[in-house]
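Reader: I'm new to this one and would like to learn how to read it. Could you walk me through it step by step?

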Amino acid sequence: MPDTAGLVSAWLLGASLGLTACTVTCLPFMGTWVLARGGASALADTGVFLAGRLAAYTALGLAAGAAGAWLAKVLAGGSGNLVIGGASLAAGLWLLLGPAPQRACAAARAGGQMPPFALGFSLSLVPCAPLASLLAFAAQAGSPGQGAAYGLAFGLGAALTPLLILLPLLGRFGEQLRRGRAGLGVWLKRGAALVLVTLGLHRIWLGI
C-alpha cells in the first residue's frame, strides 16, 4: 500500500500542474472545442476532459510502476505530441462531420464526448517537471498498483484547474454568439474545426 505522505506529495505535484501549466497547454484545444459546441454541453465536456486526464495519469503511474524509468524516456522522445496531434485532428473532424445538434440522437451526443476525453488523455502525455517527478516517484515504488495510486492522486490534484471556470464561460460565450446572429453557429463550428486540425498537424510535426 502506498504511504499517505507519498499520496499527498503526488497530489501536490498534480495541483502544481493543474493550477499553472495545465491551463496554458489545454486551453487552446478545449477552449476551441467548447466555444464551437456551446454552453449546453460545456460543463459536461469539461468533466469528460478531466476524466480523460485522470485516466491518463492513473495509467501512466501504473505503467511507470511496472516499467520504471523507461516510460519517461519514451514520453520525452516526442510520442506524446503524436498522440495529442491525433486527438486534436479527430476532434476537428468530428466538428466538421458530426451531426447537427437538432438532429443528434443520444448515441451521437455520447459520441461527442469522446473527443474531449481523448484530448484530456493525450494532453496528459506532455512532458513537464511535475509529470517527470510523478513517473520517477511511481517507478521507485516498484509496483504497478502503487504506481497507479500515485497517478490517481496526481490526477486528482491536476483536476484543480482554472479550466473548471474558463471552459464553461467560453461555452456560454459561444452560445450567446449563436443567439445573437442566425447562422453564426455553423461558421463558428467550422472555424473551431480548422483551429483544432491546425493544432493537431502542428503537434504531429513536433512529434516527427
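Reader: What share of the contacts with a separation of 6 or more links residues 24 or more positions apart?

Author: A contact means heavy atoms within 4.5 Å. Here, residues 24 or more positions apart account for 88% of the contacts in the chain with a separation of 6 or more. Mind that this is a predicted model, where local features need pLDDT of at least 70, side-chain atom pairs count only at pLDDT 80 or more, and totals for chains, interfaces and linings use all residues. Residues are numbered from 1 along each chain as its sequence is written, and side-chain values use heavy atoms, with hydrogens and water left out.

Reader: What does pLDDT average over the chain, and which helices have the lowest and highest means?

Author: pLDDT is the predictor's confidence in each residue, from 0 to 100. The chain averages 84, and 85% of the residues score at least 70. Helix H5 (residues 106-111) has the lowest mean, 51, while helix H8 (residues 144-158) has the highest, 94.

Reader: How do the axes of H2 and H10 cross?

Author: Axes are lines fitted to C-alpha atoms, for helices over the stretch in contact, and angles run from 0 to 180 degrees between N-to-C directions. Helix H2 (residues 21-37) and helix H10 (residues 184-207) have axes that come within 8 Å and cross at roughly 155 degrees. That makes H2 roughly antiparallel to H10 (under 35 degrees is roughly parallel, over 145 roughly antiparallel, 65 to 115 roughly perpendicular, the rest oblique). Among the residues that meet there are Phe-29 and Trp-33 in H2, and Leu-196 and Arg-203 in H10.

Reader: Is Thr-46 buried or exposed?

Author: Buried means under 20% relative accessible area, exposed over 50%, and partly exposed in between (1.4 Å probe, protein chains only). Thr-46, in helix H3, has 1%, so Thr-46 is buried. Leaving aside neighbours within four places in sequence, Thr-46 is in contact with Leu-163, Leu-164, Leu-167 and Pro-168.

Reader: And how does Ala-51 count?

Author: Ala-51 is found in helix H3 (residues 39-67) too, but counts as partly exposed because its relative accessibility is 34%. Its C-alpha atom is separated by 8.7 Å from that of Ala-159, 108 residues apart along the chain.

Key
Helix = DSSP H or I, 4+ residues; strand = E, 2+ residues; numbered from the N terminus.
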